[in-house]
Amino acid sequence: MKLRTSRRGALKLASLAMTGVLLSGCGLSSGSSVPLAVEPGSIQPVPELEGVTITVGSKNFTEQVVLGYIAQFALSAGGAEVRDLSSIVGSSTARNALQSGQIDILWDYTGTSWISYNGNNDPIPDARAQYEAVAKQDLERNGVAWTAIDYNVDNTYAFAVNQDAARRLGVEKLSDIPRVVAEHPDLATFCVDTEFANRNDGFPGVQQEYGFTADKSKVKTLTEGSIYQATANGTCTFGEVFTTDGRIKALDLKVLDDDKLFFPRYNIGVTTRDELLERYPQITAIFEPVSAALTNEELVRLNAQVDVDGRDPADVARDWMAEKGFVTIPGR
């Protein structure tokens, strides 16, 4: 299947990417206004937030941009004056922006904070235990508070194969890879991105945990976005993917089960500075129902609308918020 991107969607994502480049290179701006209007739905105005300026940030990939707009629309319906600072390049840059007060709200991932921000090497397999550990460290070390944690979303790493490879090689789970390496070395090809190729929770750790050594000549380092198509067309047998990426479904890829629970949990939650959440605890009440409505399946659907159908991320986010009744759309 060939992925489509509309002209409007392509221009929007290009604009967001350029914004991210500018943000990382020249310091963060004060943000722009929310791109689309919403009115209250089940999220009603909160007196304590009336007139309070809250800047929402997001990282520079599809899911993050969609989540950022979801947060903006939720807070707008709640009565806040919201500023949009979407598509910040790099997780560390986004986290630094949060801690320094350049942004106030950022959806983030428990595994990212545990490994990348707090420097831990060993992930915690249990989702709740991982969240409790990272929330404690972030609060004590960084003054960052987590709220509205969502255990129904786990955008973790995985390996996927196309359906033909799954049938021919009989692979269902990651512990099948050592057999393929031993019995079909010519087919034991891998596509990974640069970061995953070197991370403790990436390819080196996978090989150690599952007991195989990949032939370096059969490991291709590609950009994250190109891995999906390369896996679908057989350029590589095993492709590194993210479990909520809409291209998995669009390209009919099969995700292999992480049967030894190696990969960290990447549950999403809303992060903010502790002092801001203490001043405005109503933020939690706004986000908890939104977080509860998000699942892996829902994010796969939303991500695909951008990456496959070429829709504008803001339109996708607003339509979902209206579909769930959280907001209403003026004139509809």
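Okay, one definition before we start: the expected span of a helix is 1.5 Å times one less than its number of residues. Keep in mind that we're looking at a predicted model.

With that in hand, take helix H14, residues 296–307. This helix has twelve residues, and from first C-alpha to last it reaches 16 Å, close to the expected 16 Å. So how much of H14 is covered? Mostly covered, it turns out: ten of the twelve residues are buried.

Searching the whole structure turns up 20 aromatic pairs. Let me pick out Phe-159 and Phe-190, which pair edge-to-face, with 6.0 Å centre to centre and 75 degrees between the planes. That pair links distant parts of the chain: Phe-159 sits in strand E7 and Phe-190 in strand E8, 31 residues apart. Both Phe-159 and Phe-190 are buried.

Now, Phe-190 has another partner, Phe-212. Here the ring centres are 5.8 Å apart and the planes are at 10 degrees, so this pair is stacked. Again we're linking distant parts of the chain, because planes under 30 degrees apart count as stacked wherever the rings come from: Phe-212 is in the loop between helix H9 and strand E9, 22 residues from Phe-190. Phe-212 is buried too, like Phe-190.Zooming out, Phe-159, Phe-190 and Phe-212 belong to one aromatic cluster, whose members also include Tyr-157, Phe-238 and Tyr-266.

Last one: Arg-247 lies over the face of Tyr-228, 4.5 Å from the ring centre.

Technical notes: Residues numbered from 1 in each chain as written. Predicted model: local features only at pLDDT ≥ 70, side-chain atom pairs only at ≥ 80, totals over all residues. Heavy atoms only, no water. Helix = DSSP H or I, 4+ residues; strand = E, 2+ residues; numbered from the N terminus. Buried < 20%, exposed > 50% of the residue type's maximum accessible area, 1.4 Å probe, protein only. Phe/Tyr/Trp six-rings, centres within 6.5 Å; stacked < 30°, edge-to-face > 60°. Lys NZ or Arg CZ within 6 Å of the ring centre and 35° of its normal.
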